[in-house]
Amino acid sequence: MAVTSWLESLRTAQKTALLQDGRRKVHYLFPDGKEMAEEYDEKTSELLVRKWRVKSALGAMGQWQLEVGEPALLGAGNLGPELIKESNANPIFMRKDTKKSFQWRIRNLPYAKDVYSVCVDQKERCIIVKTTNKKYYKKFSIPDLDRHQLPLDDALLSFAHANCTLIISYQKPKEVVVAESELQKELKKVKTAHGNDGDCKTQ
């Protein structure tokens with residue numbers, strides 16, 4: 001079963017953990033050299049950040065690619081106030097899950113709710129967001145479902161709009177909820193360091 005296969009790969013990965021600033025930071029190193037870093041709220045175990053890093057064809061370490069969490073404004077220190085203001089006015093896409101749902105937020109979208117269309121594209125295995133005024137279009141996948149090899153279901157998809165932010169929710173299938181619960185049990189077995197010296201590192 002695909003869910004078991006993904007969970008087993010997490011169990012067998014080399015893991016280190018660090019408790020810092022109220023977050024439990026876990027670093028995974030997989031046999032193929034890929035790295036995954038996650039950050040959980042220490043009290044609620046809610047996932048706050050997930051990012052990946054892979055080696056290039058020449059063996060050099062690539063940049064971290066964010067999957068879950070709020071993206072930083074890259075290079076903001078080198079931008080003038082006008083450019084920063086312009087950047088902040090553009091739609092900002094981010095994923096922030098809850099215990100029961102995968103959730104994405106797209107900020108700086110001022111249109112009324114009835115302007116938006118959010119649907120599942122079964123062929124491309126992605127979610128498509130678009131507006132009837134043709135001002136915004138985006139499609140994105142749910143990597144968790146791909147890793148578990150689970151189908152996308154329109155019935156699990158919903159969205160809301162408030163304060164210029166479009167909030168898209170996809171209810172987690174029970175297979176994912178079970179796998180995440182099992183992973184939390186596994187992470188409790190990982191020896192956790194305490195400190196303020198940056199991200200956790202592999203041994």
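Select Lys51 and Trp64. Lys51 sits over the face of Trp64, 5.3 Å from the ring centre. Keep in mind that this is a predicted model.

Next, select Lys113 and Phe159. Here Lys113 lies over the ring face of Phe159, with 5.3 Å to the ring centre.

Now turn to ring against ring. How many aromatic pairs does a search of the whole structure find? It finds eight.

Start with Tyr28 and Phe30. Their ring centres are 6.3 Å apart and their planes meet at 5°. Planes under 30 degrees apart count as stacked, so this pair is stacked. Are Tyr28 and Phe30 buried or exposed? Both are buried.

Ring pairs join Trp6, Tyr28, Phe30 and Trp52 into a cluster.

Move on to Phe93 and Phe140. Their ring centres lie 5.0 Å apart, with the planes at 55°.

Phe93 belongs to strand S6, residues 92-95, and Phe140 to strand S10, residues 137-140. The two residues are 47 apart, so the pair links distant parts of the chain.

Stay on this pair and show the surface. Phe140, at 8%, counts as buried, because the cut-off for buried is under 20%.

Definitions and conventions. Residues numbered from 1 in each chain as written. Predicted model: local features only at pLDDT ≥ 70, side-chain atom pairs only at ≥ 80, totals over all residues. Heavy atoms only, no water. Phe/Tyr/Trp six-rings, centres within 6.5 Å; stacked < 30°, edge-to-face > 60°. Buried < 20%, exposed > 50% of the residue type's maximum accessible area, 1.4 Å probe, protein only. Helix = DSSP H or I, 4+ residues; strand = E, 2+ residues; numbered from the N terminus. Lys NZ or Arg CZ within 6 Å of the ring centre and 35° of its normal.
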